[in-house]
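Please look over the structure before reading on.

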Amino acid sequence: MAGPKRYYVTTPIYYVNDVPHIGHAYTTLACDVLARFKRLDGYDVKFLTGTDEHGQKVEKSAQEKGIDPQTFTDQVSQRFRDLLQTMNFSADDFIRTTEERHRISVQALWEKLKQNGDIYLDNYAGWYSVRDEAFYVESELTKNADGSFTAPTGAPVEWVEEASYFFKLSAWGDRLLKFYGENPDFILPKTRRNEVMSFVEGGLNDLSVSRTTFKWGVPVPGDDAHIMYVWLDALTNYITAVGYPDENHGEFTTYWPADLHMVGKDILRFHAVYWPAFLMAAGIEPPKRVFAHGWWTNEGQKISKSVGNVIDPVELVETYGLDAVRYFLLREVPFGNDGDFSRTAMVGRMNSELANDLGNLAQRVLSMVNKNCDGAVPAHGEFSDDDKEMLASAHGLIHQLREHMDVQAFNSALETVWVLIRACNGYVDRQAPWKLKKEDPARMGTVLYVLVECIRHIALVLQPFMPHAMAKMLDLLAISDAHRSFDFLGSAHVLEPGRALPAPEGVFPRFVVEEQGA
Ligand code: ME8
């Protein structure tokens, strides 16, 4: 017999030298929507997020503030935990790399790599970017007029020469390519997969995995002069959180390999090349998928602290409301592509898609039910072909959605729901139930019943995207908490004719833009 359905999804762990902004909120939102979707669809879900607290960059930020790194990370990692509240994220675990469970796990992984002959001591001489916490070869860099060099990300680099342990990455190229070949959906989107494959086909150098010039990190077992490379430390969080090094019990056997590591395109190489190589070298199965999403700009400009155009999720939520922000971020751009955040586009979608298409549909239908059907779910007569088509679309929605969600195509999933919403609005206009009131009240009941059943389906499947607003809509339909999982899609008996409904209320107000100076 097949075991219970399980789903393990992770966000990157964020550096604590930065305040959380829209980019961080975006990645975690995508994971939250998937986690909620899978829970409603009957999966046992683990949704992990957290903070990346070690490394030279964090050490430097603490020094600049004149506080010790632990106090600094305690303060700033709290802001990422606060973001979970602000955005209504349903994470099951929040990992900090400064925790003891993580030190144990990273050191155990190191020992395993060492035992298996994949780690050796040598000297590193080359370029390093503290901002990216990444090593670069000179051919990747741009030379500036003053003789200094810049990384492809725009970050400054410095020349480093020190004793270092190396991971034999060069020995894993062929096995990685074989793995990508056997798992065509390991890296999504496909264009990113091609980039990674050509990088690996170009030949891999061994990777420096320890540093001796700073202290803020996990010491190499048996050689305290070395601190582990922050990416080896950070990536390991995904297995720490399921109990590594205990590979044979509990959460590890339940959830590993992870179903999805969600990341931004900036950190794909670490997740799709280094991480599966470390895992294979340690005899651990690689994750099933890494999805690299695109980059947000702000009104056309790169988001950066120095430009001063960082979008604060708290401000957005205060201005537009949480569910509208959640909806917009996943609706505006095909997931995987870059996107530009514009307030005009935000307000446009709020008013046309949330307030008009969906909000008005619910408001119109529920007001008619309230006025003309004694405020109770109407009884239905025989269904016409038009009715049957509407009901079939509602009942079929989940099958299409699962397909989209399984490849993280959030905007297509939402578009599928909006196709039904628009069809419902067309059906209302066509059937004109307000006219039927006098002519044929029984037929009016049937039409309104079909619409209420469609709205129930729409609200159920949109819960992962807009949890508060859809809870309110389901309250207006008097659907009990016990009937809100996807098990109840397609089951007509949930909507009992005669059940009293509360007085209708608007769920999505129109957003009125105040004129400047008004
Ligand atoms: O890289 N648009 O942490 P980080 C979209 N600690 N997403 C964005 C974004 C933007 N403008 N800006 C940031 C690290 N992100 C490491 C990760 S994981 C083992 C270690 C999101 O704080 C996006 O997900 O720099 C990106 O990959 C991540 O924040 C980088 O977060």
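## Ligand contacts

A polar contact is a pair of N or O atoms within 3.5 Å; within protein, one atom must be able to donate a hydrogen and the other to accept it, and residues adjacent in sequence count only if both atoms are side-chain atoms. An oxygen atom of the ligand lies 3.0 Å from a polar backbone atom of G264. An N or O atom in the side chain of T27 is 2.7 Å from an oxygen atom of the ligand, and a polar backbone atom of W296 is 2.9 Å from a ligand nitrogen atom. The protein buries 94% of the 680 Å² that the ligand exposes when taken alone (accessible areas by the Shrake-Rupley method with a 1.4 Å probe; for residues, only the protein chains shown count as cover).

The model is predicted: local features need pLDDT of at least 70 and side-chain atom pairs count only at pLDDT 80 or more, while totals for chains, interfaces and linings use all residues. Residues are numbered from 1 along each chain as its sequence is written, and side-chain values use heavy atoms, with hydrogens and water left out.

## The shell around the ligand

There are 22 residues around the ligand, and I13, Y15, T27, D52 and D266 come nearest (near means that a heavy atom of the residue lies within 4 Å). By type, the shell has eleven nonpolar, nine polar and two charged residues. Here Ala, Val, Leu, Ile, Met, Phe, Trp, Tyr, Cys and Pro count as nonpolar, Asp, Glu, Lys and Arg as charged, and the others, Gly among them, as polar.

Which element gives the largest share of the shell? β1 does, with four residues. Helices (H or I, at least four residues) and strands (E, at least two) are DSSP runs numbered from the N terminus.

## A helix pair

Helices α5 (residues 173-182) and α6 (residues 190-201) pack with axes 9 Å apart, at an angle of about 155°. Axes are lines fitted to C-alpha atoms, for helices over the stretch in contact, and angles run from 0 to 180 degrees between N-to-C directions. α5 is therefore roughly antiparallel to α6 (under 35 degrees is roughly parallel, over 145 roughly antiparallel, 65 to 115 roughly perpendicular, the rest oblique).

## Backbone features

Most peptide bonds are trans, and most residues other than glycine have a negative phi. L188 and P189 are joined by a cis peptide bond with omega about -5°; P189 sits in the loop between β9 (187-188) and α6. E299, not a glycine, has a positive phi of about 45°.
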